Amino acid sequence: MKLSTAMITVLATLTLLAGVGAAAAQGKQQPMPMPMPTPTPKPLVVEPPSIPAANPADVASLDSIIAAVYDVISGPAGKKRDWDRMRSLFMPGARLIPTGPRPGGVYGSRVLTVDEYIERSSGFFEKEGFYEREAARVTEQFGQIAHAFSTYESRHAPDDAKPFQRGINSIQLMNDGKRWWVVTIFWQGEDEKSPLPEKYLKK
């Protein structure tokens with residue numbers, strides 16, 4: 001059966017409209033998901049570690065705080081050190097950094113927090129007497145910051161004629177307007193490759 005041109009045009013138009021309607025209906029049945037809003041991250045709040053209150057006499061001057069550092073780690077075998085006193089000398093985030101020879105002829109350092117130093121040292125102090133004193137010091141200061149090249153001598157007993165170890169404590173300190181704080185102690189022991197220069201042995 002032959003269809004007229006007009007009829008063909010009408011049928012084509014109806015078919016097109018039906019397809020558009022079906023697509024529209026399908027779109028209503030499966031709506032595109034809306035993007036979820038990204039929550040604003042809350043800032044990470046880190047509580048600073050609690051620092052025990054210092055004895056004012058320990059932190060009143062450069063001389064007193066350096067003397068306190070040596071005194072607090074010194075004592076006979078088995079004597080528990082006053083670790084809260086030690087903690088009170090160091091500012092939050094302070095570091096202790098021993099440096100020494102490694103296999104292969106190189107040198108390396110280990111970065112410790114105050115509590116890590118305490119944990120590593122406690123066992124040694126339970127078995128060995130350890131007395132460390134300052135033999136000489138070279139100090140530089142600008143404003144609120146200071147650096148002390150402090151020559152140390154270590155003995156197992158305070159009356160030992162000779163130290164079993166000597167070296168340099170490189171001590172960085174800061175004064176906050178009320179007291180002195182130790183920021184870093186970075187040290188190396190004397191050995192055959194690195195004897196102490198005469199300038200660091202003079203008072």
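Two strands pair if DSSP finds at least two bridges between them. Strands here are DSSP runs of E with at least two residues, helices are runs of H or I with at least four, and both are numbered from the N terminus. Keep that handy for the tour.

What you have open is a predicted model, where local features need pLDDT of at least 70, side-chain atom pairs count only at pLDDT 80 or more, and totals for chains, interfaces and linings use all residues. Residues are numbered from 1 along each chain as its sequence is written, and side-chain values use heavy atoms, with hydrogens and water left out.

**Stop 1: strand β1**

Select residues 90-102, which make up β1. To see the two face each other, pick P98 and find W187 opposite, in β6.

Next, select 106-109 for β2, which pairs with β1 in the antiparallel sense over four bridges. Here G100 sits opposite G108. The two strands form a hairpin with three residues between them, and G104 in the turn has a positive phi of about 95°.

**Stop 2: T99**

Stay in β1 and click T99. Is T99 buried or exposed? T99 counts as buried because its relative accessibility is 16% (buried is under 20%, exposed over 50%, partly exposed in between, with a 1.4 Å probe and protein chains only). Leaving aside residues up to four places away in sequence, T99 touches G108, S109, F186, W187, Q188 and G189 (contact means heavy atoms within 4.5 Å).

**Stop 3: the whole sheet**

Zoom out to six strands in an open sheet, ordered β2-β1-β6-β5-β4-β3, with mixed pairing. At the edges are β2 and β3 (131-142), each pairing on one side only.

**Stop 4: the core**

Finally, show the largest nonpolar core, which has 30 residues; M86, F90 and Y117 have the most contacts inside it (such a core is a set of buried Ala, Val, Leu, Ile, Met, Phe, Trp, Tyr and Cys residues joined through side-chain atoms within 4.5 Å). Helix α2 gives the most to this core, with seven residues. Click F90 to end: among the residues F90 touches are I51, L96 and W181, not counting those up to four places away in sequence.
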